[in-house]
Amino acid sequence: MDRRPFGIALGMARRGTKAWITSPAFVAITLFFPLIFLAALAGGLGPLYQVPGFDYPSGYATFVFGFVVLQAAAFGGIFTGYSVARDFDLGVASRLLLGAGRRWELILGYVLVAVIRSLVAAAIVTAVALAAGVRATVSPAGVAAILALIVCLAAVSTLWACGVALRARSMRAGPLMHTPILLVMFLSPVYVPAALLNGWLASIAGANPFSNVVESSRSVLGGGNPDLLITFGWLFAATVLLAVWALLGLRRAAESY
Amino acid sequence: MSAELVSDRRRGAAAFERYGLLGERALRAVATEPAAWVLALVFPVVFLAINIEALSGASALHDFPTDNIASFAIGLTFLQGALFAGVMFATDLARDIENGFMNRIALAPISAGTVLLSRLLAVAAFALVQIACFAIAGAIFGASMVDGPIELPALIGLAVLFNLAIAVVGFQLALQSGSGEMTQALFPIFFVLLLVSSALMPRGLMDAAWFHAAADLNPVSYMVEAIRSLYVTGWDASALAVGAALALAITVAGSLFSLVRLRALLARH
């Protein structure tokens, strides 16, 4: 048993990151959806920029990038949830649960893996976006804000997916891990600014905390200086709630062994 | 009645019974996975609802083909449904290979053609449920067929054909790999084809040349446009013919390849 502070979490992070970078398929799948969304939305929906009232001076590709970079972070968390489920399918999880003294560090380890994955994925998506002509005027403080958004979103999506995986303990729960996250993301201003949304979607997007996150990201990328207090307040609240969700799932999983 | 005729009829009845039993089994197998079939029915409807509100501004664009964004967006719904269903049935076939069910089929007097046809029947039966679900949801959201219910047979025919086309590609992958996990790779592949098509924006309005070229080359564009034509322009023989011909070609070619693979698989045991 590792008695160093955070020794188990760091060990888990090392193991998960090594498994990720040594498997090209896992790396590819983490990058696949954000890059495809960036290409498809920026390339295919460009004419939406001509819609009257579309107010975002940095261009449609940058507008889309503000969403896609967060999507990369969320997918990092979802795929880490898949790793938890696979650990159960392969029987590794039972050994981890039996061997770890401070079991909560297992969750922290998975979150660290997701944060590393998300930051690497976001860096690659950003490099591709810049090479493809996305232009953003971001101050160093803005870069720090975007990085913090990525880290928080990766943690939130990992904790959700971990909670599901620890209860279902099977890869078959995959749709339950990604569908709610995708829904929350798409019930926000994805294709056009919030002001151009209509009907029920406008109401839901207005109440959806993720709308605040994506609008902050776009504002920072457009050189703006948004009030990030509410955004990080939402993310902090979601992290705390979902940490409880994941820890209760961990307790239930531990009781079953 | 001659004994030969009676024997032929019995053989025919037995063959139909086998199609029915195997098809029913395939349907029952997916019915036991609510996460998969609920997703195949609900997810496309949810995305239709989101796209209607999120893309509503697009109808203000010059040369956008309709003011009714629900009628424009519903083409994607049918293709998205076909994708979910195709992955679901193909994964089920792969699972049957993994868990040894195909070994047992190989020992029974059942031909590869019967196995394939029964699966295709199950795909078509599920497609009918999806069509009803999507058409009703579309009508609730305001999508209506230009020439009314007279176009319904064309809608049903096209949607069933699209489901079969995507499913046979999945079957090919399942038979080739024999792995459910590998077969799931069909989802991202088709997901790309769905996004890089005219599903969200008419080809005539696309301003990025590379995207326009990719959408022109993508068969999914023509499939979406075939269904969309029923809702936006009314009976458009050329759009319907191109969409149907592409899907039919994929279905026939995919079925033949699947049959060859299936025969080889059954002969091995």
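This is a predicted model: local features need pLDDT of at least 70, side-chain atom pairs count only at pLDDT 80 or more; totals for chains, interfaces and linings use all residues.
Figure 1. Chain A has a mean pLDDT of 89. Of its residues, 99% reach 70 or more. Among the elements of chain A, helix α4 (residues 92-99) has the lowest mean pLDDT, 78. Helix α9 (residues 209-221) of chain A has the highest, 95.

**Figure 2. Confidence in chain B and in the complex.** The average pLDDT of chain B is 88. In chain B, 94% of the residues score at least 70. Confidence in this chain is lowest in helix α1 (residues 3-31), where the mean is 73. It is highest in helix α10 (residues 219-232) of chain B, at 96. For the complex, the predictor gives an ipTM of 0.78 and a pTM of 0.82.

**Figure 3. The fold of chain B, built from helices.** Chain B has 11 helices and 0 strands. The C-alpha trace of chain B spans about 70 × 45 × 30 Å along its principal axes. The radius of gyration of chain B is 20 Å. A compact globule of 269 residues would have a value near 18 Å, so the two agree. Of the 269 residues of chain B, 46% count as buried. Take the contacts in chain B between residues at least 6 apart in sequence: 80% of them join residues at least 24 apart.

**Figure 4. The contact of chain B with chain A.** Chain B gives 24 residues to the contact, and chain A gives 28 residues. On the side of chain B that touches chain A, the elements giving two or more residues are α2 (34-54), α8 (186-195) and α9 (209-217) of chain B. The largest share of this side comes from α2(B), with 6 residues. By class, the side of chain B that touches chain A holds 20 nonpolar, 2 polar and 2 charged residues.

**Figure 5. The two faces of helix α9(B).** The buried residues of α9(B) are F211(B), A214(B) and A215(B). Seen down the axis of α9(B), they fall within an arc of 100°, so they line one face of the helix. The face turned away from this buried side carries the exposed residues A209(B), A213(B) and L217(B). The buried residues of α9(B) pack against α10 of chain B together with α2 (24-44) of chain A.

**Figure 6. S198(B), a buried loop residue.** S198(B) sits in the loop between α8 and α9 of chain B. Around S198(B), 25 other C-beta atoms lie within 10 Å; the cut-off for burial is 20 or more, so S198(B) is buried. Leaving aside neighbours within four places in sequence, S198(B) is in contact with R203(B), A215(B), S221(B), V224(B) and E225(B). One of these, A215(B), is also among the buried residues of α9(B). S198(B) and A214(B) are 16 residues apart in sequence, and their C-alpha atoms are 9.7 Å apart in space.

**Figure 7. D63(B), an exposed loop residue.** D63(B) is found in the loop between α2 and α3 (69-98) of chain B. It has 8 C-beta neighbours inside 10 Å; the limit for an exposed residue is 12 or fewer, so D63(B) counts as exposed. Phi of D63(B) is near 75°. That is a positive value in a residue other than glycine.

**Figure 8. A137(B), a buried residue in helix α5 of chain B.** A137(B) is placed in helix α5 (residues 112-141) of chain B. A137(B) has 20 other C-beta atoms within 10 Å, and it is buried. Not counting residues up to four places away in sequence, A137(B) touches V45(B) and L48(B). A137(B) and V87(B) are 50 residues apart in sequence. In space, C-alpha to C-alpha, A137(B) and V87(B) are 22 Å apart.

**Figure 9. The largest nonpolar core.** This core has 176 residues. Those with the most contacts inside it are L38(A), L79(B) and F162(B). Not counting residues up to four places away in sequence, L38(A) touches V64(A), F65(A), V68(A), V125(A) and A129(A). In soluble globular proteins, nonpolar side chains tend to be buried together.

Conventions: Residues are numbered from 1 along each chain as its sequence is written. Chains are lettered from A and ligands numbered from 1 in the order in which they are written. Two residues are in contact if their C-beta atoms, placed from the backbone, lie within 7 Å. Helices (H or I, at least four residues) and strands (E, at least two) are DSSP runs, numbered from the N terminus. Ala, Val, Leu, Ile, Met, Phe, Trp, Tyr, Cys and Pro count as nonpolar, Asp, Glu, Lys and Arg as charged, and the others, Gly among them, as polar. pLDDT is the predictor's confidence in each residue, from 0 to 100. The radius of gyration is taken over C-alpha atoms; the globule rule is 2.2 Å times the number of residues to the power 0.38. The arc is that of the directions from the helix axis to the C-beta atoms. A nonpolar core is a set of buried Ala, Val, Leu, Ile, Met, Phe, Trp, Tyr and Cys residues joined through C-beta atoms within 7 Å.
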